[in-house]
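Look at the charged side chains in this model. Where do they pair, and how open to solvent are the partners? The paragraphs below take the pairs in turn.

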Amino acid sequence: MFDVLTLVTGVAALLLAAWCGWAAYRDEPTKDWHFIGMAVVSVLALVQLVVGIVQLARGEKPEQGTTIFVAYLLGAFACVPAAGFMSLAERTRWGSVTVAAGGVVLAVLEVRLYDIWGG
């Protein structure tokens, strides 16, 4: 797994969480700019998903098992978009809280992916 990609994705997720957490603190719902941030983080997670699958196809193996690695990759990819859709349903500060929580969850998943791969 590319360590730099994992680090960048985790940092971007934490920045998104802080940004949306600040919006929640100011009693604001998610706005268009937040969705652009979610799209950037989601693209990073998609790139990570593709890179992980390519590495598996090339014969590289994670230390803790391929099945759990793929499950975490898919979960990391789906985390922020799911929080974004949930924030559309809740157009209050709690939508921003949901996205902030999704960003924190993605950052934790990135740490776990690093561990599963053998970092």
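E28 pairs with R26 in a salt bridge, with the closest N and O atoms 2.6 Å apart. A salt bridge here is a side-chain nitrogen of Lys or Arg within 4 Å of a carboxyl oxygen of Asp or Glu. E28 is buried, at 17% relative accessible area. R26 is partly exposed, at 42%. The cut-offs are under 20% for buried, over 50% for exposed, and partly exposed in between (1.4 Å probe, protein chains only). The pair also belongs to a network: salt bridges link R26, E28 and K31.

This is a predicted model, so local features need pLDDT of at least 70 and side-chain atom pairs count only at pLDDT 80 or more, while totals for chains, interfaces and linings use all residues. Residues are numbered from 1 along each chain as its sequence is written, and side-chain values use heavy atoms, leaving out hydrogens and water.

Next, turn to R93. R93 forms a salt bridge with D27, the closest N and O atoms lying 4.0 Å apart. This pair links distant parts of the chain, 66 residues apart. R93 sits in helix α4 (residues 93-117), and D27 in the loop between α1 (3-25) and α2 (32-57). Helices are DSSP runs (H or I, at least four residues), numbered from the N terminus. R93 is partly exposed at 32% relative accessible area, whereas D27 is exposed at 52%.

A further pair joins E60 and R58, at 4.0 Å from N to O. E60 is partly exposed, with 30% relative accessibility. R58 is exposed, with 61%. By the salt-bridge rule, the count comes to 4.

Methods. Helix = DSSP H or I, 4+ residues; strand = E, 2+ residues; numbered from the N terminus.
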